[in-house]
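Please examine the sequence and the structure shown below.

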Amino acid sequence: MKVLFLVPFMLPSFIGALAWKMLLSPRAGYINRFFMDVLGFDGPVFDIYSFTGIMGVETMYLFPFVFIQVCGALERMDPTLEESARVSGASLFTITRKITIPLVRPSILSGALLIMLYSMAHFGTVAVLGIETGIFNIPTLIYEKIHQSAGSFASIRTGTVLATVLVVTAAVIMTIQNKVLSRGRYQIIAGKSFRPLEIKLRGLRVPILCLCIGYIAFTILLPSITIFLVGGLRTYGCRSRPKT
């Protein structure tokens, strides 16, 4: 699972956005067409051209940023801290709340700030899903201003101002990230090798496994199958079309 969770990090989110556009487009999306044509719904169930749709796609492909940082923090954590608490009679919930989460909190906040910075400067997903409905971030707004005015000086000046805002915001986020990593009462011991403590999930094993498989299916399998099938069918249809 750890290796599979890193695969979305290697895939272009632009391709994922195209795949989900084919699946959840309000009128032509395959999933919406299934609900309307087969199940008899009056209108589309999902709308990928919305803030919720864009945030969902961005979350799918930016999740590995936080996963890598938190996973590294957990692997560097001294397991004797949790073992001592367990010997003292603390429950798993108490250990997680008072020991594990405080130790990985800087990594979670650092990953969240990194995702915030990346999403602000990200062009592909918002360009595919947002421009058509008037949803912009700074890079797509710069593109739209320059594109609409055919590269006029006024639009370039506006784009420069927006780019400056983006750079200043990025600098502020990086400063906050450095402060988050350098402060705090909890520190993870570095420079030593620890064997991570394995915890039996018991009744949570199946639900967590289903959650992991669902994430892999929605971020890797379903978009990839959609791109390959639709692209293959369109290519085959173009080649098999008789000449007139």
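In this predicted model, helices H6 and H7 are roughly antiparallel to each other, because angles over 145 degrees are counted that way, while those under 35 degrees count as roughly parallel, those from 65 to 115 as roughly perpendicular and the rest as oblique. The angle between H6 and H7 is about 170 degrees, and their axes are 10 Å apart. Axes are lines fitted to C-alpha atoms, for helices over the stretch in contact, and the angles, from 0 to 180 degrees, are taken between N-to-C directions. Helices (H or I, at least four residues) and strands (E, at least two) are DSSP runs, numbered from the N terminus.

**Basis of the description**

- Residues are numbered from 1 along each chain as its sequence is written, and side-chain values use heavy atoms, with hydrogens and water left out.
- As this is a predicted model, local features need pLDDT of at least 70 and side-chain atom pairs count only at pLDDT 80 or more, whereas totals for chains, interfaces and linings use all residues.

**Helix packing**

- Two packed helices are described by the angle between their axes and the distance between the axes.
- On the H6 side, Leu81, Glu82, Ala85 and Arg86 meet Ile95, Ile99, Thr100 and Leu103 of H7, where contact means heavy atoms within 4.5 Å.
- The residues of this contact of H6 with H7 comprise 5 nonpolar, 1 polar and 2 charged; Ala, Val, Leu, Ile, Met, Phe, Trp, Tyr, Cys and Pro count as nonpolar, Asp, Glu, Lys and Arg as charged, and the others, Gly among them, as polar.
- The axes of H3 and helix H4 (residues 30-38) cross at roughly 10 degrees and come within 4 Å, and H3 and H4 are therefore roughly parallel to each other.
- Met22, Leu23 and Leu24 of H3 make this contact with Tyr30, Ile31 and Asn32 of H4.
- In the contact of H3 with H4, 5 residues are nonpolar, 1 is polar and none is charged.

**The chain as a whole**

- The chain contains 11 helices and 0 strands.
- Of the 244 residues in the chain, 34% are buried; buried means under 20% relative accessible area, exposed means over 50%, and partly exposed lies in between (1.4 Å probe, protein chains only).
- Among contacts between residues at least 6 apart in sequence, 68% join residues at least 24 apart.

**Nonpolar cores**

- The largest nonpolar core has 14 residues, and Trp20, Ile48, Val57 and Leu129 have the most contacts inside it. A nonpolar core is a set of buried Ala, Val, Leu, Ile, Met, Phe, Trp, Tyr and Cys residues joined through side-chain atoms within 4.5 Å.
- Helix H3 (13-24), H5 and helix H8 (124-129) are the elements that give two or more residues to this core.
- A second, separate core of 8 residues includes Ile138, Leu162, Ile173 and Val180.
- Leaving aside residues up to four places away in sequence, valine 57 touches Ala17, Trp20, Ile48, Thr125 and Leu129.
- Threonine 125 lies in helix H8 and counts as buried because its relative accessibility is 0%.
- With residues up to four places away in sequence again not counted, threonine 125 touches Ser13, Ala17, Ile54, Val57, Glu58 and Gly130.

- Methionine 77 is placed in the loop between helix H5 (51-76) and helix H6 (79-87), and it counts as buried because its relative accessibility is 6%.
- The C-alpha atoms of methionine 77 and valine 104 are separated by 8.7 Å, although these residues are 27 apart along the chain.
- Arginine 202 is found in the loop between helix H10 (153-182) and helix H11 (205-240), and it counts as exposed because its relative accessibility is 70%.
- Arginine 202 is not a glycine, yet it has a positive phi of about 55 degrees.
- Isoleucine 115 lies in helix H7 and touches Leu62, Phe65 and Val66, not counting residues up to four places away in sequence.

**Cysteines**

- The structure holds 0 disulfides, a disulfide being a pair of cysteine sulfur atoms within 2.5 Å.
- Cysteine 212 is in no disulfide, and the nearest cysteine sulfur, that of cysteine 210, is 9.3 Å away.
- Cysteine 212 is buried, since its relative accessible area is 16%.
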